[in-house]
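Me: I am new to this structure and would like to know the grounds for the terms applied to it. Please set each value against its cut-off.

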Amino acid sequence: MATDPVNPEPIQIALFAKAPVAGQAKTRLIPTLGPAGAARLHRQLVRQAVRTACAADLGPVSLWCAPGIGHRFFRALAATAALPLHPQHGDDLGARMAHAFATLTPQGLVLLIGSDCPMLTPTLLHDCAAALRHGDDAVFLPAEDGGYALVGLRQPQPALFAAIPWGSDTVMAHTRERLHLHGLRWSEPATVWDVDRPDDLARLHDLDLQAR
């Protein structure tokens, strides 16, 4: 599919984030950072993800909040970054992502990102956008832990999100099986890492989030 290099098709970016509630955010890091420290790190990562999404300047950015949009952290982000807020809907992560794509794809192409991948950059977002603009049905940034930090779609693909063992190290493997099964064309521009476990904190320390 040809694209216009002068006026490329806008790409919507949906950012998924949990409220930074102590004891409920970044729970696998609580033994190392404590409940408040883990929540504080989560807030930092969400803010960085917002900065990255906005800096890419691909199209509208929206924040999809769990368990709802009422937390003051989300309200503050919406005010400072001029982001629309949406509640996540669904019984599991797959259902919530499927709902977001069903909501947004009627308005165009969509990249959905998580909030815990500090190595995500505007350049990587542009690479993923190019894959969709050039005709791929889907694009992913697989994570080293077996999941993925980004999924982009041209249109809703609910089968990619149903009955997946979310939180396991086989999420991307199961997703590739679904992609093959449904005859979808996809690309994986890069493999990334996210911040989930204590071992990830050393790598995070080497990144200057404010400077990126």
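Me: What makes D145 partly exposed in this predicted model?

Reply: The relative accessible area of D145 is 26%. Partly exposed covers what lies between the limits of 20% for buried and 50% for exposed, so D145 is partly exposed.

Me: Why is the pair of D145 and R197 called a salt bridge?

Reply: The closest N and O atoms of D145 and R197 are 4.0 Å apart. The term requires a side-chain nitrogen of Lys or Arg within 4 Å of a carboxyl oxygen of Asp or Glu, so the pair of D145 and R197 is called a salt bridge. R197 is partly exposed, with a relative accessible area of 36%.

Me: Which parts does the pair of D145 and R197 tie together?

Reply: D145 lies in the loop between strand 5 and strand 6 (148-153), and R197 in the loop between strand 7 and helix 6, so the pair ties together parts that are 52 residues apart in sequence.

Me: How do you know that K26 and D196 form a salt bridge?

Reply: Their closest N and O atoms are 3.3 Å apart, and the limit is 4 Å. The pair therefore counts as a salt bridge. K26 is in the loop between strand 1 (11-18) and helix 1 (30-56), and D196 is in the loop between strand 7 (186-187) and helix 6 (200-205), so parts that are 170 residues apart in sequence are tied together.

Me: Which residues are linked in a network with K26?

Reply: K26, R28, D116 and D196 are linked in a network of salt bridges. The structure holds eight salt bridges.

Me: What makes D136 and R185 a salt bridge?

Reply: The closest N and O atoms of D136 and R185 are 2.5 Å apart; the requirement is within 4 Å, so the pair qualifies. D136 lies in the loop between helix 4 (122-133) and strand 5 (138-142), and R185 in the loop between helix 5 (171-181) and strand 7, so the pair ties together parts that are 49 residues apart in sequence. D136, at 7% relative accessibility, counts as buried, whereas R185, at 47%, is partly exposed.

Me: Which residues are closest to the centre of the largest pocket?

Reply: About 930 Å³ of space lies in the largest pocket. Of the 33 residues that line this pocket, the closest to its centre are K26, R28, L93, D116 and D196. Strand 6 gives the most to the lining, with four residues. By class, the lining has 14 nonpolar, nine polar and ten charged residues.

Me: How do you know that F101 is buried?

Reply: F101 has 1% relative accessibility, and buried means under 20%, so F101 counts as buried. F101 is placed in helix 3. Leaving aside neighbours within four places in sequence, F101 is in contact with residues including P106, V110, L112 and F161. F101 and Q157 are 56 residues apart in sequence and 8.1 Å apart in space, C-alpha to C-alpha.

Me: Which residues have the most contacts inside the largest nonpolar core?

Reply: This core has 36 residues, and those with the most contacts inside it are L58, L63, F74, L111, I113, L125 and L150. Helix 4 gives the largest share of this core, six residues. A second, separate core of 22 residues includes M97, L104, V151 and L184. Not counting residues up to four places away in sequence, L150 touches, among others, L111, I113, L125 and F140.

Me: How many cavities of 30 Å³ or more does a search of the whole structure find?

Reply: The search finds one cavity of 30 Å³ or more. About 40 Å³ of space lies in the largest cavity, which is lined by L45, Q48, A49, T52, S115, C117, P118 and L120.

Conventions. Residues are numbered from 1 along each chain as its sequence is written. This is a predicted model: local features need pLDDT of at least 70, side-chain atom pairs count only at pLDDT 80 or more; totals for chains, interfaces and linings use all residues. Side-chain values use heavy atoms; hydrogens and water are left out. Helices (H or I, at least four residues) and strands (E, at least two) are DSSP runs, numbered from the N terminus. Buried means under 20% relative accessible area, exposed over 50%, partly exposed in between (1.4 Å probe, protein chains only). On a 1 Å grid over the protein atoms alone, a cavity is a set of points where a 1.4 Å probe fits but cannot get out, and a pocket is an open set with protein on both sides within 12 Å along at least five of seven lines; lining residues have an atom within 4 Å of a point. Grid points are joined across faces, edges and corners, and a volume is the space filled by probe spheres set on the points. Ala, Val, Leu, Ile, Met, Phe, Trp, Tyr, Cys and Pro count as nonpolar, Asp, Glu, Lys and Arg as charged, and the others, Gly among them, as polar. Contact means heavy atoms within 4.5 Å. A nonpolar core is a set of buried Ala, Val, Leu, Ile, Met, Phe, Trp, Tyr and Cys residues joined through side-chain atoms within 4.5 Å.
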